[in-house]
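The following exercises concern one protein chain.

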Amino acid sequence: MLKCIRSGEQSKLDEIDHSSDSLATRDYSASGYSSRAGELEPRVDNSNIEEAESSLRESGYLNYEEARALLGRLEYQRGNIEGALHVFEGIDIAAVTPKMKSSISRRNEQNRRRSTSQSDAAPPMSMHAVSLLLEAVFLKAKSLQGLGRYEEAAQSCKVILDTIESALPEGLPENFALDCKLQETINKSVELLPELWILNGAPYEAILSYRRALLYKWNLDREAAAKIEKEFAVFLLYSGCDASPPNLRFQMEGSFVPRNNLEEAILLLLLLLRKLILGKIEWDPSVVDHLSYALSISGGLRSLAHQVEELLPGTMERKQRYYILAFCYYGAGKALVALNLLRNILKDRENRDCVLELLLASKICGENMICIEEGISYARKALSILDGSCNQVVSFANCLLGVLLSAKSRTAASESERILKQSEALQVLEIAERTTREKNPYVVFHLCLEHAEQRKLDSALYYTKQLLKLEAGSSVRSFTLLARILSAQKRHADAEVVINAAIEQTGKWDQGELLRTKAKLQIAQDRLKNATETYTHLLAVLQIRTKSLAFEKRLLKSRRNHDRSLEMETWHDLAKLYTSLSQWHDAEVCLSKSLAINPHSASRWHCIGLLNEAKDQHQEALKSFRKALDIDPTHVPSLISTACILRQLGSQSLPVVRSFLMDALRLDRTNPSAWYNLGLLYKADVGATTREAVECFEAATILEETAPVEPFR
């Protein structure tokens, strides 16, 4: 420090009060030793000596700020954060910042010319001095962070980046100041600033800092840049704040600019995935996980599948690759493609621990009636592998098994088999519900559904109320199920109250199913005018939604299809309502509207048949019902209507009519209309016994008394 005293800063140092707050205090010794009683002698950091020597060689002296920077670093390295901060706060950074900017700018100009002429003015400060002072600012920020003063730390860290950007507006040149620690300090500051803003609870400043880190040329190495990109993407996905789109100063015409958090996060993750594929950075499986989540909520699972398919062999395990692809194709509506991928995994004997794959395969099978037995075997195998090891997963596996057994009961060939499978399904679902202490809404929902379908309405009502408490009233389908159960108990007014409460808590775009259920409840109460108004309101909501989201690419394809199907069925409901009121023209207008949505709809041809039947045009009605069955041979209402028309016309033998009704009951054994018409058929058949007809009428009566306004499923 003697050289500092002999330097041109002599007068400045003379003005310093050599008290406890001065540079030359007993507690903050530049020699690296402390005079505190009982304190062990710390080791001297050689880097401090080397830094001082470099500055001394370049400038011939060590000024006041540089001396404090070295001393502060010593205290920081000792772990004395408060002492280090005390020293750093004595540096007047605002006063030396213009000199640092000028020095950095001149150094850059010299590097461009690759030579220094005698006419070049010497920079105000050496690069080692600049590096030393900027490191002091960074360590000050770290000290403030350690003391929980995050906003001050962020402002201090921001000074470093502002200084560099102001001195080098075009970015940091390559190989700039390699002979000092300046680049290292810059890299650490770029990474630290967003973290400090997050700790301070300032998400928008954090987002601006992340964008600044990625858009300005800081000469970050690949791993550091990738780390920032990943942290930024994760923050955009899970922070919960809605950032404004980036405002790029330089943008090529036609280039993509993300419009929201989700698009920006996906863009960053895709860039990271590209670097992983090309081997520019080390493989990080969490990138694929975050990208899977982002694309799944944006409807871009097919894009994720394409990215995974492009991965080089050996980058990802075959089992993991197939599972992700199966997940993507299943989410994109390609269930059979997903199932085939899972079959490739499951048939490989080397893949022993395949619980997730088995569960996904059983779930897919549960949605495809031709694969029910296969799905049951997958669910049972998953349970045998788990062997009670994880209650949550065991509960979910039992739930899937219960859903599959329930589906199996609906296709049972005999009544005894159907009752047996229903009993097994209910038993397994109850086990799933009891397995975990915390209730799973998915399990409770399917337990409600199974009780309701078996007409155990009191139990179904009990579990549905539990479900609403679990979900805190956040699920539309739970409200709808509750209303259907109440309607099955003939409590239509109570059901409508539930639907109205759900509508008040639900956003406008998610009210479709609720409004349709409300209209059917109003019809059940003979309030046809109110039902017409509700249907009209529903159609208006759907049409506004379609127009407002016409160019919204994020809208899931499945959601678009759902909305179109709901609109079409609403037109059909209105057509049936007008038909019952003998308003033929209005019914025809409704059917013409549905024609524009889907001309090949079994439901539409069934409505046309009902309209023709109401006009006493029985032959035309029969043609319409047959067209409906040509489109969908399993359309139960058309099977029943065809049997009724044939029975009325008397053009076909009774066994033919019976076959249509039996097919309808095979598909839906809880349909009261099918049982009633089968009873009429047995009554008219001289070869049938009276008991057969009575049993059919009894079944129809019981089912009619517990029939909901809409099917439970």
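Helices (H or I, at least four residues) and strands (E, at least two) are DSSP runs, numbered from the N terminus. This is a predicted model, in which local features need pLDDT of at least 70, side-chain atom pairs count only at pLDDT 80 or more, and totals for chains, interfaces and linings use all residues. Residues are numbered from 1 along each chain as its sequence is written, and side-chain values use heavy atoms, with hydrogens and water left out.

**Exercise 1. Describe the chain as a whole.**

Step 1. The secondary structure consists of 34 helices and zero strands.
Step 2. Of the 713 residues in the chain, 48% are buried; buried means under 20% relative accessible area, exposed over 50%, and partly exposed in between (1.4 Å probe, protein chains only).
Step 3. A contact requires heavy atoms within 4.5 Å. Among contacts between residues at least 6 apart in sequence, 62% join residues at least 24 apart.

**Exercise 2. Determine how helix 4 and helix 5 pack.**

Step 1. Two packed helices are described by the angle between their axes and the distance between the axes. Axes are lines fitted to C-alpha atoms, for helices over the stretch in contact, and angles run from 0 to 180 degrees between N-to-C directions.
Step 2. For helix 4 (residues 64-78) and helix 5 (residues 81-88), the angle is about 170 degrees and the axes are 7 Å apart. Helix 4 is therefore roughly antiparallel to helix 5 (under 35 degrees counts as roughly parallel, over 145 as roughly antiparallel, 65 to 115 as roughly perpendicular and the rest as oblique).
Step 3. Helix 4 contributes Arg68, Ala69, Leu71, Gly72, Arg73, Glu75 and Tyr76, which meet Gly83, Ala84, His86, Val87 and Phe88 of helix 5.
Step 4. By class, this contact of helix 4 with helix 5 holds six nonpolar, three polar and three charged residues (Ala, Val, Leu, Ile, Met, Phe, Trp, Tyr, Cys and Pro count as nonpolar, Asp, Glu, Lys and Arg as charged, and the others, Gly among them, as polar).

**Exercise 3. Which residues does Val428 contact, leaving aside its neighbours within four places in sequence?**

Step 1. Val428 belongs to helix 20 (residues 415-435) and is buried, at a relative accessible area of 12%.
Step 2. Its contacts are Asn398, Leu401, Gly402 and Leu405.
Step 3. Leu405 is 23 residues from Val428 along the chain, and their C-alpha atoms are separated by 8.9 Å.

**Exercise 4. Locate Asn219 and Ser582, and state the phi of each.**

Step 1. Most residues other than glycine have a negative phi.
Step 2. Asn219, in the loop between helix 10 and helix 11 (222-238), has a positive phi near 65 degrees. Asn219 is partly exposed, at 23% relative accessibility.
Step 3. Ser582 lies in the loop between helix 27 (557-580) and helix 28 (584-597), and its phi is also positive, near 60 degrees. With a relative accessible area of 45%, Ser582 is partly exposed.
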